[in-house]
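Let's take a walk through this structure together, starting on the inside and working out to where the chains meet. Have a look at it first, then read on.

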Amino acid sequence: MIWLSLVTFVLMPLTVAELSHCCPWIADKLVVFASTKVPASAREEQLAQWQGDIDTVPGQLLKVLKATSILLRSPAAGRAIASAIQRDSRPVHTTEPKPSRARSLNSYNDRLRLQQIGVAIDQQLTPLEKMVFLAVRVDRMSCDTLGQQFSPPLSAQKVQNIVAGSVVKIHNSLRDLESDTE
Amino acid sequence: MGITRRTHSLIAVLKKLLECPDGDHYGLELAARARINPGSVYPILIRLESEGWVTSHWEDIDESAEHRRRRKYYRLTGLGCSAAERELISWENRFKQPALRPEAAAL
């Protein structure tokens, strides 16, 4: 009973007080170990950053918890730094700007008379494809502009794909209609 | 653009940076405000800095007088501000089905 009292009321509080005094030292050691995951060229700076941030954390145990979290994510930080260093050291290649890939829909309008065949192929088109043709109307419009008529906006490439797919369906429907009428 | 992995943590950090675009923030402060894992904020800030979305600078203090080591602060750049706004809009729209804008449908 005496031993139990000794442990409970003397040793345990002393141990807890001792550990709490050691917590900043433990946190510092954890952060130093975390910095070993970072490339050598950036190690010192990253360690200084982590130490500076840990110093602002209030309390004792909280420092250890934050330092543990930094240690667990330090491989990711190391990879991000290595990637940044690799990118900085790569020679910069300049290229000529590519011409815009946006195309006007006028050529399709001239060939297929979209509005006049709307009823015949209405069932072939998906709701999104119908919206694309509704948006274009008879205007001459680039795929970029057409994509901006939507919320969220569609990319020019997506609009091109929708139009191309729709044109194939329309063309096939027309061919079927023509063969039926012959 | 080099930031190809868009995660909840990245978006949370960008939101907090945009709340105070002219202010200086340090790593753990951002992690606390964005409610993300403290260790996760540093890879994010490193990637943002390598892309030019944020700039960093060291605090100018007397370490012995302040009884702490200096901190590294991050600030959003102009490029980062516009890019972050685009990222947030893109993130919010990622699950939306496209629909015609009202002004386009009305004509």
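In this predicted model, the largest nonpolar core holds 46 residues, and the ones that touch the most other members are A:W50, A:I54, B:V13, B:L17, B:I36, B:V41 and B:L48. Which helix gives the most to this core? That's helix α1 of chain B, residues 8-19, with 7 residues. Now zoom in on B:L17: leaving out residues up to four places away in sequence, B:L17 touches B:H25, B:L30, B:L48, B:V54 and B:L76. There's also a second, separate core, made of 13 residues, including A:F150, A:L154, A:V159 and A:I162.

You'll pass 9 helices and 1 strand, in the order α-α-α-α-α-α-α-α-β-α. Of its 182 residues, 33% count as buried. If you take the contacts in chain A with a separation of 6 or more, 63% of them link residues 24 or more positions apart.

Finally, check out where the two chains meet. Chain A brings 35 residues to the contact and chain B brings 30. Together they bury about 2800 Å², with carbon and sulfur atoms giving 59% of that area. On the chain A side, A:Q49, A:D53 and A:P152 supply 19% of the area buried against chain B, more than any other three residues. A:E45 forms a salt bridge with B:K72, where the closest N and O atoms sit 2.9 Å apart. As for the side of chain A that touches chain B, α2(A) provides the largest share, 10 residues.

Technical notes
Residues are numbered from 1 along each chain as its sequence is written. Chains are lettered from A and ligands numbered from 1 in the order in which they are written. This is a predicted model: local features need pLDDT of at least 70, side-chain atom pairs count only at pLDDT 80 or more; totals for chains, interfaces and linings use all residues. Side-chain values use heavy atoms; hydrogens and water are left out. A nonpolar core is a set of buried Ala, Val, Leu, Ile, Met, Phe, Trp, Tyr and Cys residues joined through side-chain atoms within 4.5 Å. Buried means under 20% relative accessible area, exposed over 50%, partly exposed in between (1.4 Å probe, protein chains only). Helices (H or I, at least four residues) and strands (E, at least two) are DSSP runs, numbered from the N terminus. Contact means heavy atoms within 4.5 Å. Buried area is the accessible area (1.4 Å probe) that two parts lose on being put together, summed over both. A salt bridge is a side-chain nitrogen of Lys or Arg within 4 Å of a carboxyl oxygen of Asp or Glu.
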